[in-house]
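Please examine the sequence and the structure shown here before reading on.

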Amino acid sequence: MTVRTRFAPSPTGYLHIGGVRTALFNWLLARHHGGQFILRIDDTDQQRHVEPAVKMILDGFRWMNMDWDEGPEVGGAYGPYYQSQRGHLYTEAAQKLLASGHAYRDFSTEEQRSADKAAAEAAKRAFRFRKFSLDPETEAKYLEEGRPFALRFEVPLGQTIAIEDQIKGRVETKSDEVGDFVIVRPDGTPLYNFATVVDDAQMAITHVVRAEEHLTNTFTQILVFEALGYPLPAFAHVPYVAAPGSKKKLSKRDGAVGLDEYIKQGYMPEAMMNYLSRLGWSYDAETEFFTPEQLREYFTLDRVNSSPASHDPDKLFWLQGEWMKQVPIEQKVQSCIPFLQSAGLVDEPVSPEIHDRIAAVLVALGDRLKTFSDILKLGKFFFQDQIDYDPDAFKKRLCKADVPKILTEVSELFERIDSFDTATLDKAVHEYVETSGRGMGLVVNALRVATTGQAIGPGVYEAIEILGRDECLKRIALTLSILPKS
């Protein structure tokens with residue numbers, strides 16, 4: 001059997017990392033078995049459809065390097081891959097259910113349904129919608145009048161509906177607990193629990209791996225599968241991603257949860273894939289670091305935990321830092337350039353001189369650079385004509401009685417030394433500290449803020465070398481001109 005998995009997002013907003021994890025599990029399962037991964041857009045609810053969301057989904061998958069074998073922009077033998085374009089298949093399946101007696105036309109009104117529900121509540125019993133008896137003559141009359149109706153699936157009573165879930169184990173319910181459910185609205189649009197069955201069957205999906213919030217939907221979907229004579233796929237329901245340090249489901253109020261937010265911060269797709277794969281899945285008790293190739297080789301559903309996994313931004317950040325250590329310097333340069341350009345610090349195209357400066361800055365930053373956007377936090381001063389002082393650093397490091405004299409003397413020292421490289425600068429400042437009796441921390445911290453405007457960044461001597469003698473002297477002079485007024 002060829003394993004065929006799918007991810008079927010609704011284009012209603014941003015791509016949640018919990019959804020990306022579910023998609024990743026589908027992708028890894030298909031790749032592990034040498035099967036196919038299908039991307040389908042479930043856009044039957046056109047009122048909630050957000051057109052940019054489709055592009056965000058596709059761009060997110062491309063960024064993650066999760067290629068799809070069939071779907072939008074790729075095509076395939078089972079298309080179209082947008083539910084909004086598959087109406088003829090739903091119509092055909094609905095007519096089949098109607099003809100076989102598994103579905104019926106429901107002409108009930110809102111008032112009738114409300115009264116039925118109120119009666120159930122008064123009798124202290126759970127409300128489950130059941131078919132209103134309607135004789136054939138009345139139904140024919142309603143049809144002739146053009147009275148609106150929904151198509152409902154008639155749930156057989158007295159049965160046990162069971163799921164042999166590949167993550168949760170055996171889960172079952174009584175069919176009496178399931179009300180007759182709508183499969184097609186009065187306006188002709190299909191509902192999720194019906195359309196997804198038709199799609200999964202028509203696309204020959206063998207494994208439905210999805211969020212556990214769909215577990216209750218699966219009971220109704222099994223009924224539709226069986227009524228239409230479709231073979232059941234294997235089901236696996238992935239526990240939700242919990243908010244950091246809690247058991248509640250992760251939401252936007254808990255911070256960055258959209259994949260696009262991490263892309264904007266300059267995270268690497270390898271780090272994100274590594275992190276998301278470990279949210280509820282483990283290969284052994286020790287290993288945390290996995291390459292995409294290893295994940296494809298090792299991933300199986302039996303290693304997915306049946307309990308929720310908590311989102312851990314600190315762990316994601318740590319993994320990102322570990323992955324960043326493996327990135328060649330030229331790849332770092334190319335990945336940092338878009339952030340510098342978006343901030344207006346670097347022109348397009350990048351000149352050879354600016355390219356070399358970026359490379360020098362990244363070498364100086366070393367392991368301090370955790371994400372590609374860190375180039376703005378740690379090194380934007382290298383690309384600015386006007387120095388921006390961090391207010392706290394300015395006050396703490398420069399607003400001291402001895403600082404103007406120190407900066408004046410160091411500036412004169414910088415004018416005299418022959419070479420302006422890191423080693424020479426380091427030696428000269430150490431000699432100045434020894435002869436002047438100044439504290440090393442006082443001198444170095446004042447020098448850093450006076451030339452870079454901030455208290456963090458690469459080593460101070462590496463930074464000064466990259467800026468160059470003329471720029472450093474200019475910045476120290478500017479700082480001295482400001483200090484008396486502060």
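This is a predicted model: local features need pLDDT of at least 70, side-chain atom pairs count only at pLDDT 80 or more; totals for chains, interfaces and linings use all residues.

Residues are numbered from 1 along each chain as its sequence is written, and side-chain values use heavy atoms, without hydrogens and water.

Visitor: Is H430 buried, partly exposed or exposed?
Guide: Buried means under 20% relative accessible area, exposed over 50%, and partly exposed in between (1.4 Å probe, protein chains only). The relative accessible area of H430 is 35%, so H430 is partly exposed.

Visitor: Which residues does H430 touch, not counting residues up to four places away in sequence?
Guide: Contact means heavy atoms within 4.5 Å. The C-alpha atoms of H430 and M440 are separated by 7.6 Å. Beyond four places in sequence, H430 touches M440 and Y461.

Visitor: At roughly what angle do the axes of helix α18 and helix α19 cross?
Guide: Helices are DSSP runs (H or I, at least four residues), numbered from the N terminus. Axes are lines fitted to C-alpha atoms over the stretch in contact, with angles from 0 to 180 degrees between N-to-C directions. The axes of α18 (residues 440–452) and α19 (residues 460–467) come within 10 Å and cross at roughly 35°.

Visitor: Which residues touch the most other members of the largest nonpolar core?
Guide: A nonpolar core is a set of buried Ala, Val, Leu, Ile, Met, Phe, Trp, Tyr and Cys residues joined through side-chain atoms within 4.5 Å. The largest has 59 residues, and those touching the most other members are I375, L398 and F414.

Conventions:
Helices (H or I, at least four residues) and strands (E, at least two) are DSSP runs, numbered from the N terminus.
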